[in-house]
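The entries follow in the order in which I looked things up.

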Amino acid sequence: MPAPTKIERVETMLWDRWLLIRIYCEDGTVGIGEGGVHGWQRPTKTMVDTMAEYLEGKNPDYIEHHYQWLYRSSHFMGSVVQGALSAIDIALWDIKGKRLGVPIYDLMGGKTRDKVRCYMHVGGETKDDLVASAQAAVKDGFTAVRFTPFAPDYYLHKSYTEWADEAVDRVGAVKEAVGGNVDICVEIHRQMAPAESIWLGRRLEQFNPFFYEDPMLPDSPARMGDVADQCNIPIATGERFTTIFEYEQLLEANAASYIRPDLCLCGGLSGSKKVSAMAEAKHVKVIPHNPLSPVSTAACVQLDACIPNFALQEYTGESEPPKSDLLVTPLELVDGYLIVPEGPGLGIELNEAALSGPENPKILDTPIGFDGSVQDR
Ligand SMILES: [Mg+2]
């Protein structure tokens, strides 16, 4: 065992759309983390800076103790608290792995797989653009693609029939274009009520989607359970959840075939490992949510590599700047699979030259319907 050390300081960085952190230890070890409340990155940065006052001078080895202190020390909880806590948790696991000279998955039970199957984001304003994007992903080696079936101006349609007909047409076109051996994943982005999502889901069953993601707002496990009961497509949900307690209610309602923990929001590697075990006990598989930077991807791969009930990994592509600039050595992607890295901790290092890049915060926005009403994002 290396000699005990102390946390010296916590650094927060808003770079492009991401909140990255580094925790520096007295022995020279530096841990990397990311917070996942995209859209509210500045308040989350402030929360990390506030939590840093507690962490400075503490032994970084006591990951669960620090998690419990930071989670339970205030009356109030929520996404900004959990986004900050998640970034810290990931960085502390990175420190522990680096100090011991082993990957994080080796500290969490050891490797359950050598590579991680990814689904690629595809999209396009027109049906032809969407089909071309899906075909390009398959040509690149991906065996699963994910897309929203709605046209960009769907919220201006005046009838549900018009809306749904367009969605069915797009899903059918992608299914036909990619062929029977590629899984299609349909992302609804919470844009329907339960009755509407059941109605559309039944029409999409003919295309055998791998999953039907967030077909309604995730706040009611009971109603999500109704959707799961009444349409024959596996439900994937949970990307907004911040604690194991929300997942307990979702799993108890049998409302999901796949859970979507976001490691940068749901308590980091500690929280997501617990959630994965809860899902395992219900025969539910795990598809980590991953819309952020390559740091989030690296953390996801560590989890995917050590749980038995991994299904798929969300992947948005990291071959173009700014993502391609962030890591000294990008994670290896071969034929739609991320190769599990062998290096200590997260197995990555940040590229210092890239970190001087400008902040590019996500612009908060949501659609306004044809009648002027606010629609769900
Ligand atoms: Mg989603």
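**Cysteines**

I began with Cys300, whose sulfur lies 6.7 Å from the closest cysteine sulfur, that of Cys264, which is too far for a bond. The model is a predicted one, and I read every entry below with that in mind.

I needed the cut-off here: a disulfide calls for two cysteine sulfur atoms within 2.5 Å, so a separation of 6.7 Å rules out a bond from Cys300 to Cys264. Next I checked Cys306. The closest cysteine sulfur to its own is in Cys300, at 12 Å, and this is also too far for a bond. I then looked up the total for the structure and found zero disulfides.

Are Cys300 and Cys306 buried or exposed? Cys300 is buried, at a relative accessible area of 0%. Cys306 has 6% relative accessibility and counts as buried too.

Glu187 has 1% relative accessibility and counts as buried. Glu213 is buried as well, with a relative accessible area of 0%.

**Around strand E6**

Four of the five residues of E6 are buried, so the strand is largely enclosed by the rest of the structure. E6 pairs with strand E5 (residues 144–147) in the parallel sense, over four bridges. Cys185 in E6 is the bridge partner of Arg146.

I then turned to helix H7 (residues 194–204). Its buried residues are Glu196, Ser197, Ile198, Leu200, Gly201 and Leu204. They pack against helix H6 (160–178), E6, E7 and helix H8 (221–230).

**Record entry**

I looked up the UniProt annotation. An unreviewed entry places the feature "domain: Mandelate racemase/muconate lactonizing enzyme C-terminal" at residues 127–234. In the model, that span is 49% helix and 11% strand, and its end C-alpha atoms lie 24 Å apart.

**Gly124**

I picked out Gly124, which is in the loop between strand E4 (115–121) and helix H5 (127–139). Is Gly124 buried or partly exposed? At 29% relative accessibility, Gly124 counts as partly exposed. Leaving aside residues up to four places away in sequence, Gly124 touches Asp129, Leu130 and Arg170. I also took the separation to Pro152, 28 residues apart from Gly124 along the chain: their C-alpha atoms are separated by 8.6 Å.

**The three-stranded sheet**

I went on to the sheet built from E1, E2 and E3. It is open, with the order E1-E2-E3 and antiparallel pairing. The edge strands are E1 (7–15) and E3 (30–35), each of which pairs on one side only. From one strand to the next the twist averages 20°.

How many bridges join E1 and strand E2 (residues 18–25)? I found eight, in the antiparallel sense. Among the residue pairs, Val10 has Ile23 in E2 as its bridge partner.

E2 and E3 also pair in the antiparallel sense, here over six bridges. Leu19 stands opposite Gly35 in E3. The two strands form a hairpin with four residues between them, and Gly28 in the turn has a positive phi of about 95°.

I asked why E3 is largely enclosed by the rest of the structure.

Helix H1 (residues 41–55) lies across E1, E2 and E3 and runs at about 175° to E1. Helix H3 (residues 79–100) also lies across E1, E2 and E3, running at about 155° to E3.

How values were computed. Residues are numbered from 1 along each chain as its sequence is written. This is a predicted model: local features need pLDDT of at least 70, side-chain atom pairs count only at pLDDT 80 or more; totals for chains, interfaces and linings use all residues. Side-chain values use heavy atoms; hydrogens and water are left out. Two strands pair if DSSP finds at least two bridges between them. Axes are lines fitted to C-alpha atoms, for helices over the stretch in contact, and angles run from 0 to 180 degrees between N-to-C directions. Contact means heavy atoms within 4.5 Å. UniProt positions are given in the numbering used here, feature names are shortened, and annotations may be inferred rather than shown by experiment. Buried means under 20% relative accessible area, exposed over 50%, partly exposed in between (1.4 Å probe, protein chains only).
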